[in-house]
Amino acid sequence: HKASCCMFQRRGLGLLHFTRRTSVRPTAVRATLTRLASSAPRSAAEAVPAIPRERIRNFGIIAHIDHGKSTLSDRLLQACGVLPKNARDQFLDGLEVEQKRGITVKAQTCSLLVRSQRDGQDYLLNLIDTPGHVDFCYEVSRSLHACQGAVLLVDVSQGIQAQTVSTFNQAFHADLEVVCAASKCDLDHVPDEQKIEVKQQMANLSAAPVDQILEVSGKTGMGVPALLEAIIKHVPPPPGDMSLPFKALLFDMYYDNHKGVVLLVAVRNGEIKKGASLFCSYSGKTYKVAEIGILHPHLFPLDHLSSGQVGYVTVGAKDIRGFRVGETMWADGAQKQPGAENFPGFRPSRPMVYAGIFPEQVGDGERLEVAMQRLLLTDASVESKRDVSQVLGAGFRCGFLGLLHLDVFVERLMSEYNVAVIATSPTVPYRVTLSNDTVHVLETADEFPSPPQVPPKRVEEPLVHATIVVPRKLQPAVQMLCLEKRGRELAMETLDNMGESVLLKWELPMAEVITSFFNRLQSVTHGYASFDYEPSGYQDVDLVKVGIRMNGEVVEALSFLALRDKASEVGSEFLAKLATMIPSQQFEIGLQALIGGKVVAKNRVKALRRDMVQKDHSIAGDPSRKKMIADRQKEGKKRLREVAKVQVPPEAFVAMVKL
């Protein structure tokens, strides 16, 4: 099993190919789901406490982006009688940004009560719907720590993609039982031969027998009852011991305006009741439990949580800094008993992109700080520290897992907390060896040594191992793109028996990946390629700092790092784009790109003006007097340029992202 999966040691991202769904109304199949729901236990308050740990199943749904995870979750909720009437599609995607973009950003949990058709027993299934985009892979990693099994979905119209390999890898190394299912099997335009081929790909990846791979549809609900039975049969119950003191893993948390900090926990040992004392290993503090329960699908209070269950705990805490995802929660005093050991916790995320977050309005500094504190609670993969910019004022320097992660974070600040922010140009962490042999990791161009400082002895840039899944006929175009981005080919493998899909492995500079690589890849492959990457060390690079000067004043916030042999070209493109974004003034604005004090590119923003009268000879008058008036106006504009301040719009600070 492990040997058959060793070729897939990658984390995945992808985009991709959108298909038109069939227009068949799924009323008949959904009616079956409704009848199945009617046979489920009616009262969660009565049924949940009576279910022993041996009949609990904790599982997640993992897949490539747009392979039907959230839609299938809707059908699972409907089959178990949890989905409210007239509920919107992708019910578990509760964030505004998720509904707007149609992607899952935050892993969501829901407890389902199922009566097995096989033995007639009631089972408690704790479902975690995970994101599919590589920028949110940390959400997937944390969520799988609370599971013992996973449902791996693959769209039959697309087959295995890069993120499919990545998510399976995470589940495999977490020692989870994987239930394979081919999704969107209701599509009429997908031939049976293609469905068989996709199931064979899944069998090659997971080492599961082809005849055990289920066919499901999140749109019609086809195969959902069989999937529930497969989860009950194959996913093992969670480990634990009711006779031991309470011990739980804090795998997620969020802030509620009424309840304060809501802690999502996976209970390993014992049980906890309302009013009990709870010890947190991270802060070393003891709290009184205010409320406990499960998500069904909203907060559903219970009298207690016991071994094997996944639920929530509130302690009335308002300070979000007192908890950390991955810490161990104990019954007060149990942490001191002999042999008591904390969970190992989660591996810290490694940011791939750094950017500054500053308020658009100077007076929003305090509101931004509050919003950042609360938003960081819901996204443990973001690194944050305070930062001060000469141009933008006080803000934060943050590390993200990718450009989409950054974009979603900024959008959530606006949609959830009504704080408009400016995100500075994204950068990657460079490793610089100074003249005294000390090594520093630079997150911004401001930190790069520039005259009169001594140039660094060595500069290294981060690399990534990239995995690209693409049709064979488009392979040459992808290889040319990777070579253009200074890549080095590592390997090529076929994914199916016919050799129609190939998996390419390349080593690429991270700086090239975060700019226009995604868009270029989609363009040359017509959207049929999927992409994934993981960090793979550093390599030497000849890097220089490109400064931007406006009207003789250097604007540090617009400076950036570039390859020496491309610095002049990139500087010219940046100035050309910047010139279109700065509004015209009553005077001309000079733009310059500098390397070490030397001007390598120029541009200008023309002044607002009418046609000068001395150029219109149809108007009567002394030409020398017209020239004198024009010279006087020119001198006045020159003085204005010397004393006036140029207002740089927020769009200028993200202009270089697409260079």
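Trainee: Which residues of helix α11 are buried?

Mentor: In α11, which spans residues 475–484, the buried ones are Gln 475, Val 478, Gln 479, Leu 481 and Cys 482. Buried means under 20% relative accessible area, exposed means over 50%, and partly exposed is in between, with a 1.4 Å probe and protein chains only. Helices (H or I, at least four residues) and strands (E, at least two) are DSSP runs, numbered from the N terminus. Keep in mind that this is a predicted model: local features need pLDDT of at least 70, side-chain atom pairs count only at pLDDT 80 or more, and totals for chains, interfaces and linings use all residues. Residues are numbered from 1 along each chain as its sequence is written, and side-chain values use heavy atoms, with hydrogens and water left out.

Trainee: Ok, and where do those buried residues sit around α11?

Mentor: Looking down the axis of α11, they fall within an arc of 160 degrees, so they line one face of the helix. The arc is that of the directions from the helix axis to the C-beta atoms. On the face turned away from the buried side you'll find the exposed residues Met 480 and Leu 483.

Trainee: What do the buried residues of α11 pack against?

Mentor: They pack against β24 (458–471), β25 (488–494), β26 (501–509) and α12 (510–525). Contact here means heavy atoms within 4.5 Å. Also, just after α11, Arg 486 takes a positive phi of about 65 degrees.

Trainee: New topic: what's the strand order in the open sheet of six strands?

Mentor: The order is β3-β4-β2-β5-β6-β7, with mixed pairing. β3 (108–115) and β7 (214–215) are the edge strands, each pairing on one side only. Two strands pair if DSSP finds at least two bridges between them.

Trainee: How many bridges join β2 to β5?

Mentor: Five, between residues 56–63 of β2 and residues 149–155 of β5, and these two strands run parallel. One of the partners to look up is Val 151 in β5, which bridges to Ile 61.

Trainee: Gly 149 is in β5. Is Gly 149 buried or exposed?

Mentor: Gly 149 has 0% relative accessibility, so it counts as buried. Gly 149 touches Asn 58, Phe 59, Gly 60, Leu 176, Glu 177 and Val 235, leaving out residues up to four places away in sequence.

Trainee: Which residues have the most contacts inside the largest nonpolar core?

Mentor: Phe 251, Val 265, Phe 323 and Met 329, in a core of 69 residues. Strand β9 (residues 260–269) gives the largest share, seven residues. Another core, of 35 residues, lies apart from it and includes Leu 442 and Phe 517. A nonpolar core is a set of buried Ala, Val, Leu, Ile, Met, Phe, Trp, Tyr and Cys residues joined through side-chain atoms within 4.5 Å.
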